[in-house]
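Please read them with the structure open.

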Amino acid sequence: SSPVQWRRAGATALPEGSAIRQGGLVLPCTGLAAAGTYSCHSEDGGLLHAVSLQLGHLPGVPFVSCRASNYENFSCSWTSSLETFLPTRYITTYRKKSLTGEEKRRNKNRHVGPCLQDPARPGTCTVHGSEFWSSYRLNITEVNPLGSSFRLLDITMQAIIKPDPPEGLVVEPIPLAPRRLHVSWKYPSSWPKEPHFQLRFRLQYRPVIHHSWSVVETVNLSEVITDAFAGLEHVVQVSAKDFLDAGNWSEWSTEARATPVRDPATAASEETTTDASLESLAKEPSQAPNPEPINHSGPLEKIAILVSLGIFAFFVLAAVLIITILIWLRVRKHGKDKTKPHNFLVAATHLKALPSESGCR
């Protein structure tokens with residue numbers, strides 16, 4: 001029943017519109033700026049009571065995305081859709097969908113479990129031991145002192161698979177091959193080594209001063225670039241995707257660089273033209289989003305093409321000659337067969353006349 005005073009820590013006055021009624025403090029219209037610690041004091045200034053006031057909002061539905069770097073587990077991350085200004089925690093669970101009747105009888109609880117959160121990676125959780133052909137329903141619930149809100153997300157492994165970038169990218173020039181670069185790489189260490197989970201790869205490369213990429217795809221762990229610019233440094237990157245085209249391409253690997261060897265025979269004659277071409281490449285970059293690979297035939301390729309054409313022409317002439325001989329032999333044989341019946345009839349007539357002449361004698 002004695003008069004009291006209310007104070008706000010760190011402020012000289014109470015929020016505007018506040019009033020003291022029967023010893024209590026009333027804040028009729030509060031905002032975030034009114035948050036803080038309030039204390040009640042007696043007439044002589046003694047502390048009677050203190051309370052901490054926190055103001056904020058109910059949680060919003062969180063934004064959630066999931067990714068699998070392999071077929072053995074997957075991870076999900078989330079962000080709040082609303083700044084609540086209040087202490088917040090998350091409850092993360094999953095449920096396996098499409099269970100068979102036998103699975104439901106044997107494992108009543110194993111198809112439900114926590115998506116494990118890592119304190120070192122806030123805003124993420126991981127489901128271990130996932131199955132390739134299974135579907136999952138993920139529940140991310142955001143909780144604060146005012147209430148909670150949740151997001152349900154149905155996922156399949158094939159849809160969210162995205163490998164990590166390939167590792168160990170190495171680019172090397174090939175001796176005596178001024179237009180070629182040898183590129184090799186390794187599977188990402190996070191990808192399982194079983195043969196039934198394979199990757200295919202996408203290789204992109206360009207001269208350092210050029211802005212457009214040439215792209216090739218392969219299932220091998222190495223590739224030979226055959227249309228590089230001799231004596232010009234090139235930058236190369238590689239990415240990976242599930243062999244059966246499930247999911248998405250990985251991010252590009254860290255880049256590697258190498259310079260093809262120069263052709264000693266043509267280095268002197270190309271010295272002046274190379275400088276001009278490099279300047280034009282730097283000043284006029286290609287605007288094509290997916291440029292075709294640069295295709296210039298080197299001396300070795302031209303010789304190989306000429307040899308191939310010569311061999312092909314030889315076989316064509318040989319085939320024509322053989323067909324001509326066969327046709328000539330067939331015609332000749334057919335002409336001989338036409339004369340055989342006439343000779344046979346003459347001989348038969350001659351033999352038939354001989355007995356009658358002897359009988360008259």
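1. A disulfide here is a pair of cysteine sulfur atoms within 2.5 Å. With the bonded cysteines of the chain numbered in sequence order, the pairing reads 1-2, 3-4. The structure holds 2 disulfides. Keep in mind throughout that this is a predicted model.

2. Take Cys66 and Cys76. Their disulfide has an S to S distance of 2.0 Å. The link of Cys66 and Cys76 is right-handed, with 105° about the S-S bond. Cys66 sits in strand 6 (residues 63–67) and Cys76 in strand 7 (residues 73–79), so the bond ties together parts that are 10 residues apart in sequence. Both Cys66 and Cys76 are buried.

3. Now the disulfide of Cys115 and Cys125. The sulfur atoms of Cys115 and Cys125 are 2.1 Å apart. The torsion about their S-S bond is about 90°, so this disulfide is right-handed. Cys115 lies in the loop between strand 9 (112–114) and strand 10 (116–117), while Cys125 belongs to strand 11 (residues 124–128), so the pair ties together parts that are 10 residues apart in sequence.

4. Are Cys115 and Cys125 buried or exposed? The cut-off for buried is under 20% relative accessible area. Cys115 has 2%, so Cys115 is buried. Cys125 has 1% relative accessibility, so Cys125 counts as buried.

5. Two further cysteines deserve a look. Exposed means over 50% relative accessible area. Cys29 has a relative accessible area of 69%, so Cys29 is exposed. Cys40 has 6% relative accessibility, so Cys40 counts as buried.

6. On to the aromatic side chains. How many aromatic pairs does the structure hold? There are 11 aromatic pairs. In one of them, the ring centres of Tyr71 and Trp191 lie 5.8 Å apart. Planes over 60 degrees apart count as edge-to-face. The planes of Tyr71 and Trp191 stand at 65°, so the pair is edge-to-face. Tyr71 is in the loop between strand 6 and strand 7, and Trp191 is in the loop between strand 15 (177–186) and strand 16 (199–207), so this contact ties together parts that are 120 residues apart in sequence. Tyr71 and Trp191 are both buried.

7. Phe74 and Tyr136 form another ring pair. Their centres are 5.4 Å apart and their planes meet at 50°, so the pair is tilted. Phe74 lies in strand 7 and Tyr136 in strand 12 (residues 135–144), so the pair ties together parts that are 62 residues apart in sequence. Phe74 has 1% relative accessibility, so Phe74 counts as buried. Tyr136 has a relative accessible area of 4%, so Tyr136 is buried.

8. Which residues do ring pairs link into a cluster? They are Tyr71, Phe132, Trp133, Trp191 and Phe197. Tyr71 and Trp191 are the edge-to-face pair of point 6.

9. Check two arginines against tryptophan rings. Arg202 lies over the face of Trp249, 4.3 Å from the ring centre. Arg206 lies over the face of Trp213, at 4.6 Å from the ring centre.

10. Strand 19 (residues 234–242) and strand 20 run antiparallel and are joined by 3 bridges. His234 stands opposite Ala258 in strand 20.

11. Val171 stands opposite Val183 in strand 15.

12. One reminder on both sheets. Strands of a sheet pair through backbone hydrogen bonds, either parallel or antiparallel.

Key:
Residues are numbered from 1 along each chain as its sequence is written. This is a predicted model: local features need pLDDT of at least 70, side-chain atom pairs count only at pLDDT 80 or more; totals for chains, interfaces and linings use all residues. Side-chain values use heavy atoms; hydrogens and water are left out. Helices (H or I, at least four residues) and strands (E, at least two) are DSSP runs, numbered from the N terminus. Buried means under 20% relative accessible area, exposed over 50%, partly exposed in between (1.4 Å probe, protein chains only). Two strands pair if DSSP finds at least two bridges between them. Rings of Phe, Tyr and Trp (its six-membered ring) pair if their centres lie within 6.5 Å; planes under 30 degrees apart count as stacked, over 60 as edge-to-face and the rest as tilted. A charge sits over a ring if NZ of Lys or CZ of Arg is within 6 Å of the ring centre and within 35 degrees of the ring normal.
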